[in-house]
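Let's take a walk through this one together, going from a single residue out to whole chains. Have the viewer open and follow along.

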Amino acid sequence: MSHTLGELAARTGCELRGDPQLQVVRVATLAAAGPGDLAFLANPRYRPQLAQTRATAVVLDARSAEGHAGAVLVSRNPYATYARIAALLHPEPLPAAGVHASASVDPSARVAATASVGAGAVIAAGAVVGERCLVGAGCVLGAGVQVGDDSRLHARVVLLAGTRLGRRVVIQPGAVLGSAGFGYAREANGWVAVPQLGGVLVGDDVEIGANTTIDRGAIDDTVIEQGAKLDNQIQVAHNVRIGAHTAIAACTGISGSTRIGARCMIGGAVGIVGHLDICDDVVITGMTMVAHSITQPGMYSGGLPAAPAPLWRRLAARFRRMERLAGRVARLEQQFGAAGAHGDDTAEEANE
Amino acid sequence: MSHTLGELAARTGCELRGDPQLQVVRVATLAAAGPGDLAFLANPRYRPQLAQTRATAVVLDARSAEGHAGAVLVSRNPYATYARIAALLHPEPLPAAGVHASASVDPSARVAATASVGAGAVIAAGAVVGERCLVGAGCVLGAGVQVGDDSRLHARVVLLAGTRLGRRVVIQPGAVLGSAGFGYAREANGWVAVPQLGGVLVGDDVEIGANTTIDRGAIDDTVIEQGAKLDNQIQVAHNVRIGAHTAIAACTGISGSTRIGARCMIGGAVGIVGHLDICDDVVITGMTMVAHSITQPGMYSGGLPAAPAPLWRRLAARFRRMERLAGRVARLEQQFGAAGAHGDDTAEEANE
Amino acid sequence: MSHTLGELAARTGCELRGDPQLQVVRVATLAAAGPGDLAFLANPRYRPQLAQTRATAVVLDARSAEGHAGAVLVSRNPYATYARIAALLHPEPLPAAGVHASASVDPSARVAATASVGAGAVIAAGAVVGERCLVGAGCVLGAGVQVGDDSRLHARVVLLAGTRLGRRVVIQPGAVLGSAGFGYAREANGWVAVPQLGGVLVGDDVEIGANTTIDRGAIDDTVIEQGAKLDNQIQVAHNVRIGAHTAIAACTGISGSTRIGARCMIGGAVGIVGHLDICDDVVITGMTMVAHSITQPGMYSGGLPAAPAPLWRRLAARFRRMERLAGRVARLEQQFGAAGAHGDDTAEEANE
């Protein structure tokens, strides 16, 4: 779909430097772009590519625009502006409205006439699918499930009974919402399953990645608040609450009843134990174990970066003997009267 | 479904303190409960809510019951008692028996007349589905798969050929049992796939979470013994054996040919390397790496909790220089004749 | 399927020691083997079982063959030879060619007459399925997807639009290729989704495990080069490139735009951050966090093995106070004039 730079500048509120009649038809990377392409520069690492790009126009910030000869759209947030223009140039094809002949829709379900239900999809009794929704091939919607207007469930999403989605929710293939949580009471001879009776409540504009799992609550609901973005293969246990606009990267696991605040950014493969409170505006870097509640906004880490294996083996062995090393230091301090001055530091732990 | 406290006390062997004619119709949390609700108190953290609860009755232990004015059911194991009562008040709806018109069942498969087979389910040649089973929408059962009586496969479970389930097995959506394990022999020009010829044997009362994967054995079977409980997104590699009543939390991965004993409790995101033996009654906390066999029951850990990022960066850098720190201590000891007394501790590592 | 040892020796280029007319009909472990079985010995740990085995023949190397009385096939690579013989004795049953009546194939899709399309499979407009392919029950192939000859998609694989597979690609159930990557631009009031416009390009002989997810590229493609082997529950983010014949174990996550070289071996539950370059022939052990590019072939590690919980608690607390311990050592050095000789080691970090 072709657009003029003038039109794109007007639509996105950017300053245009260049011929407003120039046309762009697609997006491309700075390196690969050619005539008719629009590229963007948001990450300084790619700045050297700017001089060489053959793109018809580039979205960038004022600083990067200085001294660049080609046509540019100057934006305070080039990546967001690029996202909007890319959506204009490459609108997501909306499947035709209607229910595929091979889908199974219970007579008591209500599917909007403007919605598209794909091949082999299953919609159970009492489910409600809103206007302009996509229920992709092989999706399964349990009894009474609600899907808000303009939501898109790509292929093979499962929403079990008790799941309610807001509007404009996007879910990638293989995601499972509403599965029974991991609740068992121990007895002498094994485990008794605790009935999982809650649901999953998902706010407007939430997006959920491929093969992510979100268990329903044990009694109350598991809640994903509006605008939260979850990547692939994330595990959200029962009764978790994830705050508005919080973004979570792939492979992260959140244990039961933990509450995460708004606008948090959680890296990949993070593990968060149960019954914690993480406040708003917390950033957690990848592969961190969060074992205690976090009450102050800021960045938290817990992963040790890789080292060559021979060095790492020595470090791991030394780590395991760290108490001994501390003992040796304490003995030296005692031997030379330094102990009185500094002493062991065990008592100071609480200060950190 | 309404029950009297007298009936519930009799059914669960609890001591009732209160009017046996009182009726409860549902469960609720202490905080949210109202008239007609039954709540429970198992976790001391919620004890303060007991005085304020409006629940008609509360399940708790004798100590918590002291001095509480309301009706109580006194149990030695309140959580297990709650689980049983919740199951009475909220029986899981059993779908009607029969095979949905859109399911594909091979003529040579044997599906019990009391079983329910959902929309779009596929049951291949020679498969056997027992009495009162649920085969949910979109499930796929391969050739010769066996599903024991009273098992429930929720939507979109895949059991490939060679999988046999015991009775009362429960599997959440998206789980895959019987996939080919990761077996390749290296050659100069790449990898040769090693045929995976075993199956997956699952005992009675096993429960398996959403999107969990269990590979079939390479030659013999992968085995999950009776009563084991697996959470979501767990990976069980070929030839693993998991002992009876062992519970494993989400996102844990178990490498090939490892054997885990009975009654173990394994936290979330644990990684266990291959060809190990973990004895009975082992507890492993979350995000631990198990790189060696465990021969003594008890609790084992391996995760470092998060710290504020600036502190963590210093710690990670210091960790990487730990050999130098130890060298500095050794030099001090030598300089002041302490070495003879304590020496380096390398040799002592084996003692731990 | 029965074969003589003479035939197997000829087919695999092994030296046969024993009667070439002996027949074997199946493979078995050394411990479980009986008459008619072929076993193998590749892992020295199982060598003691060789003397007792009742196998008709054993595949092993020259060293292990010395002094063994039974029939043997002597190979320089016993595991690879075993793999080839196991494939001869246990050929994978190829489903009959044809499209199951319950499958939904768009009229514009081209499915080879020799291909098998299972029950409930969905093949969208313009998709191409090559000769002798298996598209298992419940698979979903999006618009224009290409599947090369002799590929096998086991049950319930999803390939979204933009995915192209080479020849002899094998994908286990639940895998998702072509899902939209995790791309969002932050704004004052939340996140803007960045359209994900690339595809997924998979080379010949690639194998992909159960419930693994591979996102399509943001602009260009995500690429898995020929012969790469991916285990279960691996997450591959947008724009990642994985080199030829690289093998990756289960539960590993690879962040966006990272490039991994050829012939790498990556352990389970490894986390690799985004925008990195990992060179050819790198080995990364399990549960390692890779936070920097790797430019030298070799083995890298980053996981700390488990310890008994009481010891681990002390170690974790000591780790958190490591800066203090280093300070105490520095004070001792200053106190006794050692500082001049060794000083703090902060400046030396760069050397490692």
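Leaving aside its neighbours within four places in sequence, which residues is Leu159(C) in contact with? Before the answer, a word on conventions. This is a predicted model, in which local features need pLDDT of at least 70 and side-chain atom pairs count only at pLDDT 80 or more, while totals for chains, interfaces and linings use all residues. Residues are numbered from 1 along each chain as its sequence is written, chains are lettered from A and ligands numbered from 1 in the order in which they are written, and side-chain values use heavy atoms, with hydrogens and water left out.

Back to Leu159(C). Its contacts (heavy atoms within 4.5 Å) are Val140(C), Leu141(C), Gly142(C), Val145(C), Val147(C), Leu153(C), Leu165(C), Ile171(C) and Leu177(C). You'll find Leu159(C) in strand S18, residues 158-159 of chain C; helices (H or I, at least four residues) and strands (E, at least two) are DSSP runs, numbered from the N terminus. Leu159(C) counts as buried because its relative accessibility is 0%; buried means under 20% relative accessible area, exposed over 50%, and partly exposed in between, with a 1.4 Å probe and protein chains only. From its C-alpha atom to that of Asp231(C), 72 residues apart along the chain, the separation is 17 Å.

Now try His100(C), in the loop between strands S8 (98-99) and S9 (104-105) of chain C. With a relative accessible area of 34%, His100(C) is partly exposed. Beyond its neighbours within four places in sequence, His100(C) touches Val117(C), Gly118(C) and Ala119(C), plus Ser104(B) from chain B.

Next, the strands. Strands of a sheet pair through backbone hydrogen bonds, either parallel or antiparallel. Here two strands pair if DSSP finds at least two bridges between them. Strand S7 of chain A (residues 71-74) runs antiparallel to S2(A) (residues 15-17), joined by three bridges, with Arg17(A) opposite Val72(A). S7(A) also runs parallel to S6(A) (residues 57-60), this time with four bridges, and there Leu60(A) has Val74(A) as its bridge partner. Which way do the side chains of S7(A) point? Ala71(A) and Leu73(A) go one way, Val72(A) and Val74(A) the other, and all are buried.

There's also an open sheet of 12 strands with mixed pairing, in the order S8(A)-S11(A)-S14(A)-S17(A)-S20(A)-S25(A)-S28(A)-S31(A)-S34(A)-S37(A)-S39(A)-S40(B). S8 (98-99) of chain A and S40 (307-308) of chain B stand at the edges with a single partner strand each, so one side of each has no neighbour in the sheet. Within this sheet, S37(A) (residues 282-284) and S39(A) (residues 298-301) pair in the parallel sense over three bridges, and Val282(A) has Gly298(A) as its bridge partner.

On to the helices. Helix H6 (residues 322-335) of chain A and H6 (residues 322-335) of chain B have axes that come within 10 Å and cross at roughly 35 degrees; axes are lines fitted to C-alpha atoms over the stretch in contact, with angles from 0 to 180 degrees between N-to-C directions.
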